[in-house]
Amino acid sequence: MIAHKTIFIRIPVFGFVFLLPFIIGIISAGIGYLRIPPEEVAKSVFKLIHNAISYSGEELTVTDIVLFQIRLPRIILAGIVGCSLAVCGAVLQSIFRNPLVEPYILGISSGAAFGAALAIGLGLFSGSVQLLAFFFGMISVFLAYSMAKSGSEVPVVNLVLAGVIVSALFTALTSLIKFFVDPHQLAGIVYWIMGSFSHASWSNLALITPPILLCLILITAMSWRLNVLSLSDEEAKALGVNVNRERFVFLCLSTFMTACAVSISGIIGWVGLLIPHIVRLSFGSDNRIVIPVSASLGASFMILADDIARSAFSFELPISVLTTILGAPAFMFLVRRRARRVWL
Amino acid sequence: MALRVEGLRFSYGKRLILDGAELELREEEILTLLGPNGCGKTTLLKCINRILKPEDGAVFIDGRNYFDMSEREIAMSLGYVPQEHRPPFPYTVLDFVLLGRSPHLGMFSHPSEKDKRIAMESLKTVGIEKLAKRAYTELSGGERQLVLIARALATNAKILLLDEPTSHLDFRNSHRILSLIRRIVREKRLSAIITLHDPNLACMYSDRIAIVSRGRIIRIGKPDEVMDERILMEVYGINVRILRVDGFNYIFAEVSE
């Protein structure tokens, strides 16, 4: 049953949920070849912040440098990407009125993969992979949207179909590039598509964090509206909602977020589907709660998955493989447990 | 007069559905649209609150042309009750009724305590405040229909539009829901347009009946004045007999095969 406790129980629960990614982040920063206990991590982070604010050149230890140069940007990136994908999934599921929709439904992943493949294949300047991945990710959504539009209406069925078409087109084009490039570049493309946080750096973060946070804030502010949009177009219109305009706003914000995330991390599956489901099953369907909690749990899940990806073996596992291996059984478990109820 | 419909025309592609429908809804009355499948009564209802945009004609709400009104203003004047169905997400009943407040709220606002109170009152009016915390998707068809009525009441609209409120209900629930609608309309001094399939239900619960045929209103008036065998035969294309028992008209179909 959906948890509807009194507000006295809910506040501590939500407090914990929102602190979770930070707690996991600090513990995760200690995990790796060089083990660092959480209190050292915290001390080190304060030292770095202090240095940055007061320009005082307090001496940095090896621990500080490992944290600052490698682990922190990577953990923050994982958190931000997980948060974007989970929120995007939750938003799109509502506006498509289908709990099985994932962030890539409008072809954003295929577009981004094509952009990345193009940049790798042509061997363009550094940063071009991210740039083209972002660019073609947005192009694919734009194409799908304009294809779906008939008059002033943008029916959901059209959108799904257009997404399938655009995805197929860009996947074919990506295959074409894979076919022509040399094996070394081919490996690069394949690795990019499997997703990784190894490109994490402060400069990358500085590029994607502000727009993603802005989108997140706007989506959270409008989250109640998603409840109305998850009704049929007719009902939403009868309730005074300009359905096509509001749906467009949500589509723009959520796909922009995802395009930013995907451009740095590559394509990471399952998070956008799994996290909103878990949230709905445990906290109910009201999007005023689903959106912020998805953001928090998406970030936590991704940081944990990346911990395993980078430290479980002597080599790095592709993150998308891990999210699926972790996510699929979890999802299965949830479905089995709820099998007797209609839970979708 | 609460609402006036003037010369509405609407077509899906090349198929003309509404061909100049005209009617007037008086204050505090229940007007039923009656007619066979495909006659255009549901389309007419959807054109009345501009879910569908008519190609020609207009609707006047309290004397104002609704093309001069925003979607939100229309939603505040006309509470729409769609046919009962199961949505994909299991919102609680209270959250679902709260959606009726959306015409009063901007894109960035969340419902306040006052909105919540109005939603609870609407639930009380239809008598299901006990279900407030239940998941909407787990209710029976009759209960879901009540929730939809509560949601329309939560908009504070003075006019209700109900699209076949009895379509998924059994004999008992059909009568319960229609008498509830009648009670609410009387108590809150609202007006309502209802589409119905069953001529007997229409006779029992409406102040006036409008018979819809091929996209036009061919007759409108009190049940006694409107219902006669000849016109029902013409509209439905079968033999119809009307029996008068204890002051009530009972309408029978005479099926030959």
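Before I count contacts, I note that two residues are taken to be in contact if their C-beta atoms, placed from the backbone, lie within 7 Å. The model I am reading is a predicted one.

**Entry 1, chain B overall.** With that cut-off, I looked at the contacts in chain B with a separation of 6 or more, and found that 66% of them join residues 24 or more positions apart. I then went through the secondary structure of chain B, which comes to nine helices and 12 strands. For chain B I read a radius of gyration of 19 Å, close to the 18 Å given by the globule rule for 257 residues, so the chain is as compact as a globular protein of that length. Along the principal axes, I find that its C-alpha atoms fill a box of roughly 55 × 40 × 35 Å. I also looked up burial, and buried residues make up 45% of the 257 residues in chain B.

At what angle do the axes of α4 and α5 of chain B cross? I find that helix α4 (residues 113-126) and helix α5 (residues 141-154) have axes that come within 8 Å and cross at roughly 135°, which makes α4(B) oblique to α5(B). The crossing in which α4(B) passes α5(B) is right-handed. On the α4(B) side I list B:Ile118, B:Ala119, B:Ser122, B:Leu123, B:Thr125 and B:Val126 as making the contact, and on the α5(B) side B:Leu146, B:Ile149, B:Ala150, B:Leu153 and B:Ala154. Sorted by class, this contact has nine nonpolar and two polar residues, and no charged ones.

Conventions
Residues numbered from 1 in each chain as written. Chains lettered and ligands numbered in written order. Predicted model: local features only at pLDDT ≥ 70, side-chain atom pairs only at ≥ 80, totals over all residues. Axes fitted to C-alpha atoms, helices over the stretch in contact; angles between N-to-C directions. Helix = DSSP H or I, 4+ residues; strand = E, 2+ residues; numbered from the N terminus. Parallel < 35°, antiparallel > 145°, perpendicular 65-115°, else oblique. Left-handed = near helix turned anticlockwise from the far one by under 90°. Nonpolar A, V, L, I, M, F, W, Y, C, P; charged D, E, K, R; others polar. Rg over C-alpha atoms; globule rule 2.2 N^0.38 Å. Buried ≥ 20, exposed ≤ 12 C-beta atoms within 10 Å, placed from the backbone.
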